[in-house]
Amino acid sequence: MTLKKYFSWKHMLPNCIKPQNSSPGPKVHAAKQSPSLRLSLSDISHPGSPLSLSDLSNSLMSLHIFTLKELELITNKFAKSNFLGEGGFGPVYKGFIDDNLRPGLKAQSVAVKVLDLDGTQGHREWLAEVIFLGQLKHPHLVNLIGYCYEDEHRLLVYEYMARGNLENQLFKRYGPPLPWLTRLKIAIGTAKGLAFLHEEQKPVIYRDFKTSNILLDLAYNAKVSDFGLATDGPEGEETHVTTCVMGTEGYAAPEYISTGHLTTMSDVFSFGVVLLELLTGRRSVDKTRPGREKNLVEWARPLLKDPYKLDGIMDPRLEGQYSTEGARKAAALAYQCLSNHPKSRPTMSSVVKTLKPLLELTDIPIGPFVYIVPTQENSEPIIQKIVPNDHQEKEFEVKIERNGGKKDEKKEKIARLPRRKGHRHRNRVQPARSRAIYSDTDLYRTLGTKLYSPKH
Ligand SMILES: Nc1ncnc2c1ncn2[C@@H]1O[C@H](COP(=O)(O)OP(=O)(O)OP(=O)(O)O)[C@@H](O)[C@H]1O
Ligand SMILES: [Mg+2]
């Protein structure tokens, strides 16, 4: 792949990107004052900052600095066959680091993200990734292994997440749906990741929480990725930071959109949207749906607190195989997260506390287990083990799909139970939806804000 021509990164740092505390005070380079404190993005990205990227080396000691040549080598010259996908930052390629690349770096698969020099993001987003992920390590944040900063080239090297992003897994057209317990596990994992960010000594506001930024490993462990829009939260007496509105349509909190005031509670709102997507199997914005249904929050929020209506909005692809009590509690939690009043939303650590016990609930109308035969897409089998009660056991019916009497390895074995009362959509599998196109850029357009000026 040819890396395109780059222009000065300062063009990518319009003033609006630099968050301002609600009452401006003297600028403090916390990292210089106290080495125990994390280096802030503003310590280095502010045009007047005395710090440069090379000053980062002490704070970012865990990161490897790769040469472009090394990254070409591990991605087979950014071969098409290694292409994993592309977002606003640029294309992402799979690579493999072997034992010989450099001492101290173990052999492993990686994902290499290349800044598209003609794209909507730039040096600022690259720098945010390096500064935040270079200093913050947690099992539910994607691990940044290193970066490349050579001439105009900006690349990032992450641990490879074998199942890609949650958006593709949750809304895929073919293959088995994500089971209920896997959805809960993902929600809990990402909630822990956000709680960690919010509870840092210098809190971090993530600002772009959405399904495409949640990556999954083989065992469906979820990790938050993409720190390009992350920013330092308010410090001391401050209640919020004021920034230009950035994020993704359908996920951003209403008060942030209307005032530009950003708090950790804005992330809680976005988490509520993702939780709602996990419950309903619908996208946060789906322009192909009629009227109010286009916007998931607008459509679903009024129905979340009514247990009779809840069954009707749960993802039909779950075919009723979820804990009723768990769904009610998760829906009530989503309702709280989606409150229009930031102060009424729970903190992320209280979200974790509410969700964790739901994994133990066994009122799932399902046989002793569901075994989904591995396919090309899902190389690992998914096994969900639940102990049914007596009457469920009797009614339990197993359907094994066969191909001409022979077992078809590519088809699924489905353990199925009779209809759940009142679950209107149980056996109706939605027709494949066309992918709604939404991106950060769409939001800027929707809001008509002139504060952020993407290159196009
Ligand atoms: N560490 C990783 N391991 C495996 N796949 C990855 C990794 N990081 C990114 N990807 C894949 O690369 C693709 C592009 O990801 P990227 O985060 O750049 O864009 P996006 O999240 O789809 O869009 P946006 O710009 O709105 O954030 C996605 O399909 C994602 O799943
Ligand atoms: Mg992303």
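Which strand gives the most to the shell around ligand 1? In this predicted model, that strand is β3, with three residues. The shell as a whole consists of 22 residues, and the closest to ligand 1 are Gly85, Gly87, Gly88, Val92 and Ala111. Strand β3 spans residues 83-86 and β5 spans residues 108-114; each of these strands supplies at least two residues of the shell. By residue class, the shell around ligand 1 divides into nine nonpolar, nine polar and four charged residues. Residues of the shell come from both domain 1 (14-159) and domain 2 (170-360), so ligand 1 lies between the two domains.

The strands β3 and β5 also belong to an open sheet of six strands. Strands of a sheet pair through backbone hydrogen bonds, in either the parallel or the antiparallel sense. In this sheet the pairing is mixed, and the order of the strands is β2-β6-β7-β5-β4-β3. The edges are formed by β2 (64-65) and β3, each of which pairs on one side only. Ile65 has Tyr147 of β6 as its bridge partner.

Strand β6 (residues 144-150) is in turn joined to β7 by six bridges, and these two strands run antiparallel. Within this pairing, Tyr149 has Arg154 of β7 as its bridge partner. The two strands form a hairpin with two residues between them. Asp151, in the turn of this hairpin, has a positive phi of about 45°.

Strand β7 also pairs with β5, in the antiparallel sense and over five bridges. The bridge partner of Val110 in β7 is Glu159. Is β7 largely enclosed by the rest of the structure, or is it open? Strand β7 covers residues 153-159, and five of its seven residues are buried, so the strand is largely enclosed by the rest of the structure.

Burial was also examined in a helix. Helix α12 comprises residues 348-355, and its buried residues include Met348, Val351, Val352 and Leu355. These four cover an arc of only 100° around the axis, which puts them on the same side of α12. Among the elements that cover the buried residues of α12 are the helices α6 (180-198), α8 (264-280) and α11 (324-337).

How values were computed:
Residues numbered from 1 in each chain as written. Chains lettered and ligands numbered in written order. Predicted model: local features only at pLDDT ≥ 70, side-chain atom pairs only at ≥ 80, totals over all residues. Near = placed C-beta within 6 Å. Nonpolar A, V, L, I, M, F, W, Y, C, P; charged D, E, K, R; others polar. Domains from an automatic or database assignment. Buried ≥ 20, exposed ≤ 12 C-beta atoms within 10 Å, placed from the backbone. Pairing = 2+ DSSP bridges. Arc of directions from axis to C-beta. Contact = placed C-beta atoms within 7 Å.
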